[in-house]
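Please load the model in your viewer and keep the selection panel at hand.

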Amino acid sequence: MVRIRETAVIDAPLDVVWRILREFNSHHEWHPAIAHSRIEGGLSGDEVGAVRAFSLKEGGFLREQLLVLDDRKHVLSYCLLEAPMPLFGYVAKIQLKPVTDGGQTFWIWESRFDTPPERQDELARLVAQGIYRAGMRALEARLVNRGAAPRGEVHQADRDARKTLPWQPAPVAAPAVSTSLAEGRTMAIVMERHGGPEVLKPVEIEVPRPRDGEVQIRQTAIGVNFIDIYCRTGYFDLVRPPGVPGMEAAGVVTDIGPGVTHLRVGQAVAYACAPPGAYAGLRTMSAELVIGLPAGMPDQLAAAGLLKGVTAAFLLHDVYPVKPGDTAVIHAAAGGVGSLLTQWAASLGANVIATVSNHEKASRARELGAHEVIIGRGPEFVDAVMDLTGSRGAEVIYDAIGADSFDHSIAALALRGHLASYGQASGPIGARDIGALASRSVTLSRPNYGHYTGTRALIELQSGRLFAAIAEGRLRIEAPTVFKLAQAADAQHELESGRTTGALIMVP
């Protein structure tokens with residue numbers, strides 16, 4: 001067991017030094033070794049349990065978790081979850097004490113950890129000198145050079161601003177364990193064969209270093225979507241067993257290959273694109289469709305909303321551009337994509353008629369902005385739409401249900417109305433005679449996600465629309481339902497059952 005204890009006297013009052021240190025993620029602003037740093041999971045930087053993920057200027061990625069924050073004793077303690085160095089069982093404590101004369105602060109920074117005997121001296125020196133002493137000197141220099149009081153005020157203003165971000169959801173606890181089993185290896189969910197949720201099994205896999213045009217991402221939140229179920233059942237031939245499903249995740253860049261210029265190590269990123277492979281703690285993939293997240297956007301919100309939000313963006317702006325006064329029917333309006341379509345279409349001036357499966361979801365649809373709500377999608381649905389529209393019908397119907405709703409959706413359209421059939425939760429629609437569409441000159445589309453997002457320019461267009469709608473208050477993405485990655489089968493079962501509202505994600 002290696003024990004390290006470093007002390008210093010900082011030429012600033014205790015309350016000022018503590019105000020900076022208690023913000024667990026402030027170290028990237030004053031520590032000379034830190035390149036980029038962020039708090040995972042949407043927690044605040046002074047919340048016990050918060051996990052900070054950061055990269056070093058000389059390379060390397062680490063994750064630490066805040067264990068104790070005592071404002072009375074001026075003590076904080078944290079542990080190391082993940083590091084490029086063998087610091088096993090690393091736990092550190094920082095304690096501040098007032099110097100009785102002169103307005104100074106006595107700082108104690110100590111830790112203990114295990115490491116191979118042959119590296120004890122090397123790592124003890126690195127921790128003591130490169131981390132502790134260098135950090136103490138850097139913070140003191142910053143306080144002396146910039147003035148202590150304004151620095152504290154800036155931190156408080158930053159915290160207040162973060163709390164009012166339009167995309168800030170109710171906080172969800174971040175994972176408190178490392179996703180990395182060894183260097184270059186991680187836990188992933190492998191689809192052993194096509195079938196039910198039981199074919200999804202946790203397996204340890206090897207993760208390669210990024211090659212030309214690739215990026216490696218430490219994934220902290222992974223989206224669960226119907227396309228994952230279509231891959232598992234074999235309806236979409238995108239994952240050949242044994243393979244890793246998943247099309248959406250958020251995390252932090254840990255490494256980039258040659259030729260990648262739009263991303264950097266330590267950057268918060270997300271993606272929602274093929275090829276599948278997102279059900280893993282660590283992933284190396286093409287960087288082309290990986291996008292940087294807006295400052296302050298939590299990773300869990302990004303994983304909950306990117307694929308669904310981008311889908312809503314091209315459905316409302318490209319497949320059928322919704323206009324003020326249009327009647328838009330949105331099936332499954334309390335679900336993942338449906339909840340975003342409902343909010344967004346209403347904000348664009350459409351008269352939104354939502355369909356849901358029960359009274360609880362009906363209340364949810366009304367909260368999202370639906371003007372009218374219909375429970376059920378059978379023949380009575382057509383009569384209800386015609387009654388609500390004075391027998392005119394709907395200008396557009398967004399339908400992800402498929403077999404159970406398709407014919408009724410066609411029947412509920414207005415003259416020259418449009419049906420956007422973008423999913424088949426109840427099964428494929430099968431072969432159809434399009435001659436019946438001529439009776440009211442209705443049109444039908446079956447948009448393919450990749451055709452609207454398959455280049456960097458397209459994904460930046462659609463994600464830009466999404467982020468702008470969130471910032472403008474048109475959309476609010478609620479805190480998702482969270483599963484552990486090892487519970488992937490349970491998460492897909494819940495989504496498939498139709499019992500869920502909003503988004504589902506998994507954390508490693």
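Predicted model: local features only at pLDDT ≥ 70, side-chain atom pairs only at ≥ 80, totals over all residues.

**Stop 1: the antiparallel sheet**

Begin by selecting the strands from β1 to β7. Together these 7 strands form an open sheet in the order β1-β7-β6-β5-β4-β3-β2, with antiparallel pairing. At its edges stand β1 (2-10) and β2 (34-39), each of which pairs on one side only. On average, neighbouring strands here are turned by 20 degrees against each other, direction ignored.

Next, select residues 88-98 and 105-114, which are strands β6 and β7. Their antiparallel pairing extends over 9 bridges.

Over how many bridges do β5 and β6 pair? There are 5 bridges, in the antiparallel sense. These two strands form a hairpin, with 5 residues between them. Within the pair, the bridge partner of Tyr-78 is Ala-92 in β6.

To finish this stop, select residues 14-21, helix α1. This helix lies across β1, β4 (61-70), β5 (75-82), β6 and β7, and runs at about 155 degrees to β6.

**Stop 2: the parallel sheet**

Select the strands from β16 to β21. This is an open sheet of 6 strands in the order β18-β17-β16-β19-β20-β21, and its pairing is parallel. The edge positions belong to β18 (372-375) and β21 (443-445); each has a single partner strand, so one side of each lacks a neighbour in the sheet.

Ala-328 has Val-396 in β19 as its bridge partner.

Helix α8 (residues 359-367) touches β17 and β18, and its direction makes about 160 degrees with that of β18. Helix α9 (residues 379-388) touches β16, β17, β18, β19 and β20 (413-421), with a direction at about 165 degrees to that of β18.

**Stop 3: helices α6 and α12**

Select residues 299-319 (α6) and 456-471 (α12). The axes of these helices come within 8 Å and cross at roughly 95 degrees. α6 is therefore roughly perpendicular to α12.

Which residues of α6 and α12 meet? On the α6 side they are Gly-305, Leu-306, Gly-309, Val-310, Ala-313, Phe-314, His-317 and Asp-318, while α12 contributes Ile-459, Gln-462, Ser-463, Arg-465, Leu-466 and Phe-467. By class, this contact has 7 nonpolar, 5 polar and 2 charged residues.

**Stop 4: the cavity**

The structure holds 1 cavity of 30 Å³ or more, and the largest cavity has a volume of about 50 Å³. Its lining consists of Ala-270, Leu-293, Met-297, Leu-301, Ala-302, Gly-305, Leu-306, Leu-466, Phe-467, Ile-470 and Ile-477. The elements giving two or more residues to this lining are α6 and α12, and α6 gives the most, with 4 residues. The lining divides into 10 nonpolar residues, 1 polar and no charged.

**Stop 5: helices α5 and α13**

Select residues 226-233 (α5) and 488-497 (α13), whose axes come within 10 Å and cross at roughly 105 degrees. The two helices are therefore roughly perpendicular to each other. Phe-226, Asp-228, Ile-229 and Arg-232 in α5 meet Gln-492, Leu-495 and Glu-496 in α13. This contact has 3 nonpolar, 1 polar and 3 charged residues.

**Stop 6: the largest pocket**

Finally, display the largest pocket, which has a volume of about 1100 Å³. To centre the view, select Phe-226, Tyr-230, Ala-400, Tyr-422 and Gly-423, the closest to the pocket centre of the 50 residues that line it. Elements giving two or more residues to the lining are α5, α6, α7 (336-347), β17 (351-356), α11 (449-453) and α13. Of the elements, α6 gives the most to this lining, with 4 residues. Colouring by class shows 26 nonpolar, 19 polar and 5 charged residues in the pocket lining.

How values were computed. Residues numbered from 1 in each chain as written. Heavy atoms only, no water. Axes fitted to C-alpha atoms, helices over the stretch in contact; angles between N-to-C directions. Parallel < 35°, antiparallel > 145°, perpendicular 65-115°, else oblique. Contact = heavy atoms within 4.5 Å. Nonpolar A, V, L, I, M, F, W, Y, C, P; charged D, E, K, R; others polar. Pairing = 2+ DSSP bridges. 1 Å grid on protein atoms, 1.4 Å probe; cavity = no way out; pocket = protein on both sides within 12 Å on 5 of 7 lines; lining within 4 Å. Points joined across faces, edges and corners; volume = space filled by probe spheres on them.
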